[in-house]
Amino acid sequence: TNPIVLGNARFTIIAPELVRLEYAIDKKFVDEPTLFAVNRDIKSDNFTVTTTKKGWTHITTSRMRVEYFNDGFPFGPTNFRIFYKKGSEEKRFMIYQKNNTKTNLGGAVQTLDGKNGPIVVDNGLLSLDGWFIIHDDYKPVLKNGWIENRAKESVMDRYFFAYDKDFKAALKALTYISGKVPLPRKYALGTWYCRWWDYSEDEYRQIVKEYKEHDFPLDIIVFDMGWHTQKDAIEGTGHAGNKGWTGYSWNKKLFPNPSKLIREFKNEHIYVALNDHPHDGIRSHETSYKSFMNSLGKSPKDPTPLFDAGDPIYMKSFFKYALEPNENMGVDFWWLDWQQDSLYPFVRGVYGLTHLEW
């Protein structure tokens, strides 16, 4: 059968290049999607299972052979190993091995702030070593349309890729679990304008005018944090000595009629995005604060609730009073700009939400 259950361990053959490795103390394995693995339906039947005289179970695909001795303990150096093909050779992988940065072909990078010249990027799926492992241990699961912390009994949940030089097969296997990647909207591949500067409405109009005068296309304008009030904030963690990074009330001195400005840009086929630093949530100086607090069953005189992505009630109200009014005005999307990573590397309410260990 697939998956293969051996005591507290479960092995799912997703593709010849990809095996999911789980260990759960209570044998309650995770069948729900996670933020990384959204698809649980695709499985391969191209494998064999054998047992040696010494009690080892071998699960073999055309790309690898997983060997496990069911001794009642999680995967470790004495009860688990994988032999994978690399050219004409057979290499061995041990569960404690980490992805090799030196041979990795590179992935994303968290920020380009302060960078000038070549930089070191995070690891990506593709490596000259011919293998890669993704840790989904302890990451939140999705239940009933919302995120929920995983039970501590789920000790290991990892995805081992063995693809040699067949990088296309590796990428295809990734889509089996993380979902197919849709093509981006055509306008997203066009020209963006964004600058951290407190522009006024008329200054934005002048920018659009000059793009036209120079016969240069403009597809997207991103309003940086100057679109909302900043100096009105009197509470919150803030960032760099300024409590005004998070905000959802328009700065009417710079934008006396933001809906009119956005309509003008839409008529010019220009898409509009707003910068958003959500860390401090909706606070007492915001124009929507009273309605927001009432929606939570609280009084505006109560302490300001902290931003909590793990609370569906809080987030439903947050979307309603912080985001939807601007989207109804014509804002197309948000630039989610998280500013407190050094202080709060995880989103409150769900541990591990911001970090996928590759």
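Phe93 is buried in this predicted model, with a relative accessible area of 0%. Phe160 is likewise buried, and its relative accessible area is 0%. A search of the whole structure finds 33 aromatic pairs. In one of them, the rings of Phe93 and Phe160 have their centres 4.6 Å apart and their planes at 40 degrees, so the pair is tilted. Phe93 belongs to strand β8 (residues 89–93) and Phe160 to strand β12 (residues 154–162), so this pair ties together parts that are 67 residues apart in sequence.

A further pair is formed by Tyr187 and Tyr271. Their ring centres are 3.6 Å apart and their planes stand at 10 degrees; because planes under 30 degrees apart count as stacked, the pair is stacked. Tyr187 lies in the loop between α1 (167–178) and β13 (192–194), whereas Tyr271 lies in strand β15, so the pair ties together parts that are 84 residues apart in sequence. The burial of the two tyrosines can be stated separately: Tyr187 is buried, with a relative accessible area of 17%, while Tyr271 is partly exposed, with a relative accessible area of 27%.

A pair of aromatic rings is described by the distance of the centres and the angle of the planes. The table lists these values for the two pairs discussed above.

| Ring pair | Distance of centres | Angle of planes | Class |
|---|---|---|---|
| Phe93 and Phe160 | 4.6 Å | 40 degrees | tilted |
| Tyr187 and Tyr271 | 3.6 Å | 10 degrees | stacked |

Ring pairs also build a cluster, which links Tyr193, Tyr199, Tyr204, Tyr211, Phe216, Phe223, Trp227, Trp250, Phe255, Phe265 and Trp334. One of its members, Phe265, is also among the buried residues of helix α3.

Helix α3 comprises residues 258–267, and its buried residues are Pro258, Leu261, Ile262 and Phe265. They cover an arc of only 95 degrees around the axis, which puts them on the same side of α3. The elements that cover these buried residues include α2 (201–213), β14 (220–223), β15 (271–276) and α5 (312–329).

Pro258 is found in helix α3 and is buried, with a relative accessible area of 6%. When residues up to four places away in sequence are not counted, Pro258 touches Glu201, Trp250, Lys252 and Met329. Trp250 is also one of the residues linked in the aromatic cluster. The C-alpha atoms of Pro258 and Ile221 are 13 Å apart in space, and the two residues are 37 apart in sequence. Just after α3, His269 takes a positive phi of about 60 degrees.

**Backbone geometry**

Most residues other than glycine have a negative phi, and most peptide bonds are trans. Against that background, several positions deserve mention. The peptide bond from Asn2 to Pro3 is cis, with omega near 15 degrees, and Pro3 lies in the segment before β1 (4–6).

Lys27 has a positive phi, near 65 degrees. This lysine is found in the loop between β3 (18–24) and β4 (48–51) and is exposed, with a relative accessible area of 51%. Asn144 also has a positive phi, in this case near 55 degrees. Asn144 is found in the loop between β10 (141–143) and β11 (146–148), and at 84% relative accessibility it counts as exposed.

**The protein as a whole**

The protein contains five helices and 16 strands. Its C-alpha trace spans about 80 × 55 × 35 Å along the principal axes. Of the 358 residues in the protein, 46% are buried. Among contacts with a separation of 6 or more, 61% are accounted for by residues 24 or more positions apart.

The accessible surface comes to about 19,800 Å², and carbon and sulfur atoms hold 54% of this area.

Notes
Residues are numbered from 1 along each chain as its sequence is written. This is a predicted model: local features need pLDDT of at least 70, side-chain atom pairs count only at pLDDT 80 or more; totals for chains, interfaces and linings use all residues. Side-chain values use heavy atoms; hydrogens and water are left out. Helices (H or I, at least four residues) and strands (E, at least two) are DSSP runs, numbered from the N terminus. Buried means under 20% relative accessible area, exposed over 50%, partly exposed in between (1.4 Å probe, protein chains only). Contact means heavy atoms within 4.5 Å. Accessible areas come from the Shrake-Rupley method with a 1.4 Å probe; for residues, only the protein chains shown count as cover. The arc is that of the directions from the helix axis to the C-beta atoms. Rings of Phe, Tyr and Trp (its six-membered ring) pair if their centres lie within 6.5 Å; planes under 30 degrees apart count as stacked, over 60 as edge-to-face and the rest as tilted.
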